[in-house]
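Here are my notes on the model you sent. Please read them with the structure open beside you.

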Amino acid sequence: MPSQDQESTPPARATARPTRAEIEAAAETTIEDVLGPSLDVLFCGINPGLYSAATGHHFARPGNRFWPALYRSGFTPRLLSPAEQDLLPSYGLGITNVVRRPSARAAELSAEEFRAGGERLVRLVAEVRPKALAVAGVTAYRQAFGVPKAVIGPQGSRIGGAAVWVLPNPSGLNAHWTLDGIAGEMRRLRESLA
């Protein structure tokens with residue numbers, strides 16, 4: 001396991017940095033879900049940021065802690081770059097978003113978009129049948145599923161047979177959670193599946 005200050009194995013491929021024009025144009029795009037058979041966990045972001053939409057890769061913005069936390073939690077054997085997201089199904093992992101529409105900030109999303117996203121997630125989980133759905137963002141989970149008092153951690157409900165977990169939002173803007181704290185919550189999820 002790497003020290004807290006560095007990762008021992010650099011990602012094999014780097015994500016190309018989009019231009020300002022590409023980022024601005026990304027509001028009209030979507031990112032494909034990363035899915036596969038026999039998923040242990042379907043991770044669910046709030047919605048793609050414009051940077052991620054411009055690259056076509058989930059959690060791609062520099063400073064986002066999803067990929068380092070995924071590695072530190074033991075879900076992947078090495079640190080993956082966002083450009084390597086298609087490797088996730090080989091580890092039993094997938095990624096989707098509550099709301100598919102990209103935006104500069106999650107605060108730009110409407111309550112209706114969150115509710116519709118929750119309904120879409122119910123259908124997706126029923127189709128893909130992961131062991132667990134892990135929503136990375138407690139506020140997004142609360143809005144999408146109408147659970148105003150939800151907290152980080154395992155939820156008392158299931159969706160389509162999948163256990164439901166709420167993880168901290170890995171965005172670098174979420175100063176309430178450190179990388180180690182996010183990785184710790186992911187580790188709890190991973191250990192619950194054993």
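1. Start with one residue. Leaving aside neighbours within four places in sequence, Phe43 is in contact with Phe66, Leu70, Phe75, Leu93, Gly94, Ile95, Thr96, Ala134, Leu167, Met186 and Leu189. Phe43 counts as buried because its relative accessible area is 2%, and buried means under 20%. Keep in mind throughout that this is a predicted model.

2. Next, look at the nonpolar cores. The largest one has 25 residues, and Phe43, Trp67, Leu70, Met186 and Leu189 touch the most other members. Two or more residues of this core come from each of β1 (41-45), α3 (66-72), β2 (93-97), β3 (132-136), β5 (162-167) and α6 (179-192). Another core lies apart from it, with 23 residues, among them Cys44, Val99, Leu124 and Val166.

3. A pair of aromatic rings is described by the distance of the centres and the angle of the planes. The structure holds five aromatic pairs. One of them joins Phe43 and Phe75, with 5.5 Å centre to centre and 90 degrees between the planes, an edge-to-face arrangement. Phe43 lies in strand β1 and Phe75 in the loop between α3 and β2, so this pair ties together parts that are 32 residues apart in sequence. Phe75 has 10% relative accessibility and therefore counts as buried.

4. How are the rings of Phe59 and Phe66 arranged? Their centres are 4.1 Å apart and their planes are at 10 degrees, so the pair is stacked; the reasoning is that planes under 30 degrees apart count as stacked. Phe59 is buried, at 12% relative accessible area, and Phe66 is buried too, at 1%. Both belong to one aromatic cluster formed by Phe43, Phe59, Phe66, Trp67 and Phe75.

5. Now check the backbone. Most residues other than glycine have a negative phi. Phe59 has a phi near 50 degrees, a positive value in a residue other than glycine, and this residue lies in the loop between α2 and α3. Ser38 also has a positive value, with phi near 55 degrees. Ser38 is found in the loop between α1 (20-25) and β1. Is Ser38 buried or exposed? Its relative accessible area is 64%, so Ser38 counts as exposed, whereas Phe59 is buried. When you go through the backbone, look at both of these residues.

6. Turn to the space in the model. The largest pocket holds about 850 Å³. Of the 32 residues that line this pocket, Ala104, Arg105, Ala106, Ser171 and Leu173 are the closest to its centre. Which helix gives the largest share of the lining? Helix α2 (residues 50-55) does, with three residues. By residue type, the lining divides into 15 nonpolar, 15 polar and two charged.

7. Pro77 counts as exposed because its relative accessibility is 59%, and exposed means over 50%. Not counting residues up to four places away in sequence, Pro77 touches Tyr71 and Tyr91. From Pro77 to Phe145 the C-alpha atoms are separated by 33 Å, and the two residues are 68 apart along the chain.

8. Asp180 has 33% relative accessibility and so counts as partly exposed. How far apart are the C-alpha atoms of Asp180 and Gly156? They are separated by 25 Å, and the residues are 24 apart along the chain.

How values were computed:
Residues numbered from 1 in each chain as written. Predicted model: local features only at pLDDT ≥ 70, side-chain atom pairs only at ≥ 80, totals over all residues. Heavy atoms only, no water. 1 Å grid on protein atoms, 1.4 Å probe; cavity = no way out; pocket = protein on both sides within 12 Å on 5 of 7 lines; lining within 4 Å. Points joined across faces, edges and corners; volume = space filled by probe spheres on them. Helix = DSSP H or I, 4+ residues; strand = E, 2+ residues; numbered from the N terminus. Nonpolar A, V, L, I, M, F, W, Y, C, P; charged D, E, K, R; others polar. Core = buried A, V, L, I, M, F, W, Y, C linked by side-chain atoms within 4.5 Å. Buried < 20%, exposed > 50% of the residue type's maximum accessible area, 1.4 Å probe, protein only. Contact = heavy atoms within 4.5 Å. Phe/Tyr/Trp six-rings, centres within 6.5 Å; stacked < 30°, edge-to-face > 60°.
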